[in-house]
Amino acid sequence: PAVAPDTGHGVNGFAKDNVATSGKISSYTRGSMAPRPIRTASAPLDETVRVPGSKSVTHRALVLAALANGASTLEHPLDADDTRATAIGLRALGVDVELGAGRWIVDGRGGRIPGGGTIDLAQSGSSMRFLAAVAALGQRPTELDGHPRLRERPMGELYDVLRRLGADVLSPDDGRALPARIGRGVIRGGRVEVSCARSSQFLTALLLVAARLPGGIVARVDGPAVSMPYVDLTCGLLREFGIEVGVEAGRYRVEPCAYPGRTARIEGDHSSASCLLAAGAIVGGRVRVEGLRPDSLQPDARFCSLLASLGCAVETGESFVEVRGGAGLEGFDVDLADAPDLAPAVVALALFARGSTRVRGIAHLRYKESDRPAVLADNLRALGCPAQVTDRELIVGPVDPGALR
């Protein structure tokens, strides 16, 4: 990625300190993607593949390593636009991050974040929320912005909590989204209530920085919540880095502590694996995905249970999942409120199932990098499959195989 020139001028109406800006992620300016033909499988599959590292784990490990005392090595991280947005954003905050092939080294600042840069968050919602919390620790304010779609995604719930903790958060317009200028406040810990009705990342962002707040954090989830298994994943990573987390009756407690850097091996990505495992269920034959922990706290690990409930043979080992399919799929009913990234793979299964399928718990998917339920429904109809979408569910089928195109 190119390094943006430091013009000395602000962006989005903010005055700017005379400091270097971060590297830029510019993938969303590359233009339209060229058509890519896909060859149809003509026989049952017999494949073994390995997935890359988990995006969710890579984001969280980067932030925890940045706040550790000393260097951490992340082995087999996911190298993608979103995770690079987090890594390069940490550089803009004053944290040294070396992006090597298969090994990323983060020189932890022990909670002392210089701040003062400009961060291009591209289209990454995780980077936006997690780095906003890190920027609140900054000795100088940091400017955060990204793709126009990212500016539409909610941030107000996190801004409100950061302000209550003493952080200086400035955002033009209504102060509920990007762009934002965060830092140079006197942030402290304390008891807070966090709304996770639209995203659990608001709570995760607080937990990731909690050990570096003077009073720690006691956070209570306020009202209904979505995607809470991602918070369980966060707590698991905190513990791996040596941070104690207490969880009881919707309350999360993290005491302030100093923790050392470490070597962390990033486990395989169950979100990516879901598409490969779905292929085995649809086309038939055998698909083995290596590099996966069957006992993973990643929410999308539940996809294996869904396939088993649909009649597929699912075998797991210490670091693999294998699916055998081919008997045909029946329509099903599934709630994805806790595992939103499974929606595309689940809808692919529904396209080839007999009868109708209901995909529920999708309201918060409208706030992703696209309105996912609407986009999925549009593309199903383009293939000749009936699809209806409401605020709460997506109904697929029943499908007439002769009408598919």
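**Close-up views of a predicted model**

**View 1. Pro398 lies in the segment after strand S22 (393–396).** Strands here are DSSP runs of E with at least two residues, helices are runs of H or I with at least four, and both are numbered from the N terminus. The peptide bond that leads from Gly397 into Pro398 is cis, and its omega is near 5°. A word on what you are looking at: residues are numbered from 1 along each chain as its sequence is written, and side-chain values use heavy atoms, without hydrogens and water. The model is predicted, so local features need pLDDT of at least 70 and side-chain atom pairs count only at pLDDT 80 or more, while totals for chains, interfaces and linings use all residues.

**View 2. Leu178 and Pro179 are joined by a cis peptide bond.** Omega is about -5° for this bond. To find Pro179, look in the loop that runs between strand S7 (169–170) and strand S8 (180–182).

**View 3. Ala122 has a positive phi.** The angle is about 55°, although Ala122 is not a glycine. This alanine sits in the loop between strand S5 (118–120) and helix H3.

**View 4. Helices H1 and H3 cross at roughly 15°.** Their axes (lines fitted to C-alpha atoms over the stretch in contact, with angles from 0 to 180 degrees between N-to-C directions) come within 11 Å. H1 and H3 are therefore roughly parallel, the word for angles under 35 degrees. Their crossing is right-handed, meaning that the near helix is turned clockwise from the far one by less than a right angle. In the contact (heavy atoms within 4.5 Å), His59, Arg60 and Val63 of H1 meet Ser126, Ser127, Phe130 and Val134 of H3. These residues divide into three nonpolar, three polar and one charged. Here Ala, Val, Leu, Ile, Met, Phe, Trp, Tyr, Cys and Pro are nonpolar, Asp, Glu, Lys and Arg are charged, and the others, Gly among them, are polar.

**View 5. H3 also packs with helix H6 (residues 201–210).** The angle is about 40° and the axes are 8 Å apart. H3 passes H6 in a right-handed crossing. On the H3 side, the contact is made by Gly125, Ser126, Arg129, Phe130, Ala133 and Val134, and on the H6 side by Gln201, Phe202, Thr204, Ala205, Leu208 and Val209. By class, there are seven nonpolar, four polar and one charged residues.

**View 6. The largest pocket has a volume of about 980 Å³.** A pocket is an open set of points, on a 1 Å grid over the protein atoms alone, where a 1.4 Å probe fits and protein lies on both sides within 12 Å along at least five of seven lines; lining residues have an atom within 4 Å of a point. Points are joined across faces, edges and corners, and the volume is the space filled by probe spheres set on them. Of the 40 lining residues, Lys55, Asp82, Asp341, Glu369 and Arg372 are closest to the centre. Helices H1 (55–66), H2 (81–92), H3 (125–135), H8 (270–283) and H10 (343–351) each give two or more residues to the lining. The lining holds 12 nonpolar, 16 polar and 12 charged residues.

**View 7. The second largest pocket holds about 820 Å³ of space.** Its lining has 21 residues, and Ile38, Ile282, Ala348, Leu351 and Phe352 lie nearest the centre. H8, H10 and helix H11 (372–382) each contribute two or more residues. Which classes make up this lining? There are 16 nonpolar, three polar and two charged residues.

How values were computed. Parallel < 35°, antiparallel > 145°, perpendicular 65-115°, else oblique.
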